[in-house]
Each structure stands twice: as C-alpha cells, then as structure tokens.
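Please turn to the sequence and the model on the screen.

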Amino acid sequence: RRAMNIGWYLAVSALIFAIGAGGVLVRRNPLVILLCLELMLNAANLALIGFSRMWGNGDGQIFALIVMVVAACEVTVGLGLIVAMHRRALPVDVDELRELQG
C-alpha cells in the first residue's frame, strides 16, 4: 500500500481557511460572514479527512461529520438572526448593529 502525501491536502485546507478568515475580518454583511465561516469549517473538514486517509482509519471522517452537524446548526441560528434583523428593520451592517433588543 502506497503512503499518501498529506502536504497538498493541508496546503489547500490552509488556503481555504485563510480565504474564509479574511472574509470574516473584512466583510460587514452577516450573510457573507456566515458563508466565510462555512469555508473555514470546510477547510477543517478537509484537513480531518486528509489525516484520516493518511492514517487509514475513519476517526477523522467521524469528526468531519460532527463538524458538518455543528455547521448546519450555526447556519440555522445565523439565518434566524438575519431574518429577525430584517423584520425589525435593523441595520444589516455588522459594525452598525449593536444588539437585538426585544
């Protein structure tokens, strides 16, 4: 069985994570911030799956599934907050938004 080089997987994972982190730091729209957080979580999933394949077991894949469940919960709560902001006519800019009062 041939050993797998994990360097390329980690390089792509680091690049995707950096793009997501840059988007979280630069953007002001909460929907774009949620998408960038999803990029960061997917980068972590790629690294977990790469390590799992390198070691030849399924532990990293199980952790990746758990991360996907957490990401789905995060999107649900985040979209709920965005809908609540839109219904109350609050500013959608993250810098202008202080808190949801109510």
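Predicted model: local features only at pLDDT ≥ 70, side-chain atom pairs only at ≥ 80, totals over all residues.

Residues are numbered from 1 along each chain as its sequence is written, and side-chain values use heavy atoms, with hydrogens and water left out.

The protein chain has a mean pLDDT of 85 (pLDDT is the predictor's confidence in each residue, from 0 to 100). Of its residues, 88% reach 70 or more. Helices here are DSSP runs of H or I with at least four residues, numbered from the N terminus. Confidence is highest in helix α1, residues 7-26, at a mean of 94, and lowest in helix α3, residues 59-87, at 88.

Let us consider α3. This helix has 29 residues and spans 43 Å from its first C-alpha to its last, close to the expected 42 Å; the expected span is 1.5 Å times one less than the number of residues. Which residues of α3 are buried? They are Gly-60, Ala-64, Val-67, Ala-71, Gly-78 and Met-85, where buried means under 20% relative accessible area and exposed over 50%, with partly exposed in between (1.4 Å probe, protein chains only). Helix α2 is included in what covers them. After α3 comes Ala-89, with a positive phi near 60 degrees.

Finally, the surface. Trp-55 lies in helix α2 and is exposed, because its relative accessible area is 66%.

Definitions and conventions. Helix = DSSP H or I, 4+ residues; strand = E, 2+ residues; numbered from the N terminus. Contact = heavy atoms within 4.5 Å.
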